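Dear colleague,

I am passing on the structure below, followed by some notes on what was found in it. Please read them with the coordinates open.

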Amino acid sequence: MKHDAVRKLSHDITTCTRCRLSLTRINAVPGEGPVPSRLFFIGEAPGKKEDLTGRPFVGRAGSVLEALLASVGLERNKVYITSIIKCRPPENRLPRRDEIAACSGYLDQQIEILYPEIIIPMGRLASELIFSHFGLSHGPIGRIHGKAFHAKTLHRDLLIVPVYHPAAVTHNPPIKSALFEDFQILGTIIEEYGRSFRHE
Ligand code: URA
């Protein structure tokens, strides 16, 4: 059932023409990971390699993300990874407000179908979108990263743990230690949640 829903959603995303990015993309990048997924990581937008392959986080930011996951004993194929917009903005510019709005229904559906217990928005844009989705008020990313926030859906409670974006390491090397600390905190939260995400 859920696999069918994910397949249909991926088809809708890869054939989407809701915004201008559909005119310049090579491949849309719906996301990948287990179905359902307890851990749901959300980045900003596909880059060049993601556009070429149709897979999320396969470039430099992807290597950083894999190192961060490994630092707390997580493998990338055990978590769901996607981004707030599914098509690459030209020259990797920031996603525009109307592009995020056009794409956000896909993220909402992914959250609905994949039923995560912990959502990890990476970077300010993903964090703002997720906080607004769950009716939470968002502070500066420098203040909220590495903290757990409680959110509710109709059917369940979940946690949101915003972290810095892995690509920030490239533009701002001092952020690296903060990012690894964010993941250590995430690792502790996962432990405290009482279930193993590692050995399934
Ligand atoms: N950065 C993102 O936010 N998403 C990707 O898929 C790749 C890099």
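In helix α4 (residues 60-71), Ala 61, Gly 62, Val 64, Leu 65, Leu 68 and Leu 69 are buried, where buried means under 20% relative accessible area, exposed over 50% and partly exposed in between, with a 1.4 Å probe and protein chains only. Seen down the axis of α4, these buried residues fall within an arc of 160°, so they line one face of the helix; the arc is that of the directions from the helix axis to the C-beta atoms. On the other side of α4, Arg 60 and Ala 70 are exposed.

This is a predicted model, in which local features need pLDDT of at least 70 and side-chain atom pairs count only at pLDDT 80 or more, while totals for chains, interfaces and linings use all residues. Residues are numbered from 1 along each chain as its sequence is written, and side-chain values use heavy atoms, with hydrogens and water left out.

The buried residues of α4 pack against β1 (39-43), β2 (80-83), α8 (168-171) and α9 (175-192), contact meaning heavy atoms within 4.5 Å. Helices (H or I, at least four residues) and strands (E, at least two) are DSSP runs, numbered from the N terminus. After α4 comes Gly 73, whose phi is positive, near 75°.

Elsewhere, strand β4 (residues 149-152) pairs with β5 in the antiparallel sense over four bridges, pairing requiring that DSSP finds at least two bridges between the strands. Phe 149 stands opposite Ile 160 in β5, and a hairpin of four residues joins β4 to β5. Strand β3 (residues 118-121) runs parallel to β5 (residues 157-160), joined to β5 by two bridges, with Ile 118 opposite Leu 159.

Best regards
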